[in-house]
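Trainee: I would like to go through the terms used for this structure and check each one against its cut-off.
Mentor: Go ahead.

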Amino acid sequence: MNVRENFETITREIVETCKQVGRNPEEVKLIAVTKYVTDTRVEEAIEAGIADFAENRPQNYVERKGKYSDKTWHLIGSLQTRKVRDVINEVDYFHALDRDSLAKEIEKRAEKEIKCFVQVNVSGEESKHGLTSEEAIDFIKSLEQYSKIKVVGLMTMAPFVEDEEILRNCFRKLRELRDEVKGLNLPYAPCEFLSMGMSNDYKIAIEEGATHIRVGTALVGCELK
């Protein structure tokens, strides 16, 4: 498995997919999810030209950010309230804001403005974290009280299925919700971005408006540490 070749292939697919739907490929940020790979694989990704990386556990995030601090790092996993103080001031982007208790703790511990994606469980799967589509708007409105939180976008995880229409519907619903939030013109929630799409469905996500795709296996593999 060659990270550079994977990166070049995915980059071509991003360009081709954007062309098909009339989008600018520069609107799509490719994030390498490195939670299952060694530092050697991360370094291969850096050498290939990848600039954005993601981890889902606070301890791993802090370790990797410390080693490769010149790259942009995204914390993408569910964050326990008690872990906020250990990681929040190292976060470039946080993709899993999903409850008031977490927002309150971020406000308490953060020493800077934190760029957050609000996580929405569009599919309604019990196994997934996130607000329901119906809860999201009121939750985002409630964040006005927190000066350290900036809602830059919404995030979702689609079901792991092969049915393209199910995936497309999931991504479309998030885009429509994003547009609704954006239309509110909230200074603290510009909500420009859509974090959606992974190794198995990123092309569909791009077609439906994804601005940030989180790709692990198809990009850097899944070599266990």
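Mentor: Start with strand 6, helix 7 (residues 164–182) and strand 7, which make a right-handed β-α-β unit. Helices (H or I, at least four residues) and strands (E, at least two) are DSSP runs, numbered from the N terminus. This is a predicted model, in which local features need pLDDT of at least 70 and side-chain atom pairs count only at pLDDT 80 or more, while totals for chains, interfaces and linings use all residues. Residues are numbered from 1 along each chain as its sequence is written, and side-chain values use heavy atoms, with hydrogens and water left out.

Trainee: What makes a crossover right-handed?
Mentor: With the strands pointing away from the viewer, the path from the first strand over the helix to the second must run clockwise. The unit of strand 6, helix 7 and strand 7 is right-handed.

Trainee: How do you know that strand 6 and strand 7 pair?
Mentor: Pairing requires that DSSP finds at least two bridges between two strands. Strand 6 and strand 7 (residues 193–195) are joined by three bridges and run parallel. Met 155 stands opposite Ser 195 in strand 7.

Trainee: Which strand pairs with strand 6 over six bridges?
Mentor: Strand 5 (residues 114–119) does, in the parallel sense. Here Val 118 stands opposite Leu 154 in strand 6. The chain passes from strand 5 through helix 6 (residues 133–142) to strand 6, and this β-α-β crossover is right-handed.

Trainee: Why is strand 6 called mostly covered?
Mentor: Six of the seven residues of strand 6 (residues 149–155) are buried. Buried means under 20% relative accessible area, exposed over 50%, partly exposed in between (1.4 Å probe, protein chains only).

Trainee: Why is Asp 98 called buried?
Mentor: Its relative accessible area is 11%, so Asp 98 counts as buried. Asp 98 is found in the loop between strand 4 (93–97) and helix 5 (100–109).

Trainee: With which side chain does that of Asp 98 make a polar contact?
Mentor: With the side chain of Arg 99, at 2.8 Å. A polar contact is a pair of N or O atoms within 3.5 Å; within protein, one must be able to donate a hydrogen and the other to accept it, and residues adjacent in sequence count only if both atoms are side-chain atoms.

Trainee: And what makes Arg 12 partly exposed?
Mentor: Arg 12 has 47% relative accessibility, so the label is partly exposed. Arg 12 is found in helix 1 (residues 3–21).

Trainee: Why is Cys 191 too far from the closest cysteine sulfur for a bond?
Mentor: A disulfide is a pair of cysteine sulfur atoms within 2.5 Å. The sulfur of Cys 191 is 11 Å from that of Cys 116, the closest, so the distance is too far for a bond. By this rule the count comes to zero disulfides. Cys 18 is in no disulfide either, since the nearest cysteine sulfur, that of Cys 170, is 19 Å away.

Trainee: How do you know that the buried residues of helix 2 line one face?
Mentor: The buried residues of helix 2 (residues 39–48) are Arg 41, Val 42, Ala 45 and Ala 48. Seen down the axis of helix 2, they fall within an arc of 120 degrees, so they line one face of the helix. The arc is that of the directions from the helix axis to the C-beta atoms.
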